[in-house]
Amino acid sequence: MLLSYSGGAQVATGAVRELHAQLDAPLLLITLGGFHNGANDLTHALHLHQLTSAHDRIERVGTWLFPQRWRLLRGSGWNRARRAGKVTVHRMDPATHLGRRSYISPHSHRPDGRSHLEHTTDTVLALVRTVTAADAPH
């Protein structure tokens, strides 16, 4: 599993091919406010969970800035992964990328009373448990 925040998503998506070759194991990627160019090949990724928010301007800039993230460029690594059903978006609204209301802020709370940090932690743990439960012997 690769958990990345912000620009770490570029590193994580770029590492998929080599890690798969070295480990010969499925790779689960979780990006938190992932800022990446969308060019990396995700063929060997088991799945990519994109934790994002409508209030995350930095993550959103990447979807505008990099042509490989545009739907028009169907052959990009990102768009091939999306079409293959390997990308799932998880809304973390009303979190922001940085500051007091960021995904990892213990100071700002959601309507259910949990901090943004608690919500993010719960979401990541649930995703990891889903994959590990699917791999467990029956």
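For the charges, I counted Lys and Arg as positive and Asp and Glu as negative, leaving out His and the chain ends. In this predicted model, the mean positions of the 16 positive and 10 negative charges of the chain lie 9 Å apart.

Entry on the fold. I looked up the secondary structure and found four helices and four strands. Along the sequence they follow the pattern β-α-β-β-α-α-β-α.

Entry on overall dimensions. I noted a radius of gyration of 15 Å for the chain, which agrees with the value near 14 Å that a compact globule of 138 residues would have. The C-alpha atoms fill a box of roughly 45 × 40 × 20 Å along the principal axes. I found that 38% of the 138 residues are buried.

Entry on the cores. I looked for the largest nonpolar core and found 10 residues: A12, V16, L27, L29, L42, A45, L48, W78, A81 and V87. Helix 1 (8-23), strand 2 (27-32), strand 3 (45-52) and helix 3 (77-83) each supply at least two residues of this core. A second, separate core has nine residues, including L32, L51, M92 and L127. I then examined V16; beyond its neighbours within four places in sequence, V16 contacts L27, L29, D41, L42, H44 and A45.

Entry on S108. I located S108 in the loop between strand 4 (87-91) and helix 4 (116-135). Is S108 buried or exposed? S108 is classed as buried because its relative accessible area is 12%, and the cut-off for buried is under 20%. Not counting residues up to four places away in sequence, S108 touches R100, R101, R114, S115 and H116.

Technical notes:
Residues numbered from 1 in each chain as written. Predicted model: local features only at pLDDT ≥ 70, side-chain atom pairs only at ≥ 80, totals over all residues. Heavy atoms only, no water. Core = buried A, V, L, I, M, F, W, Y, C linked by side-chain atoms within 4.5 Å. Buried < 20%, exposed > 50% of the residue type's maximum accessible area, 1.4 Å probe, protein only. Contact = heavy atoms within 4.5 Å. Rg over C-alpha atoms; globule rule 2.2 N^0.38 Å. Charge placed at Lys NZ, Arg CZ, Asp CG, Glu CD.
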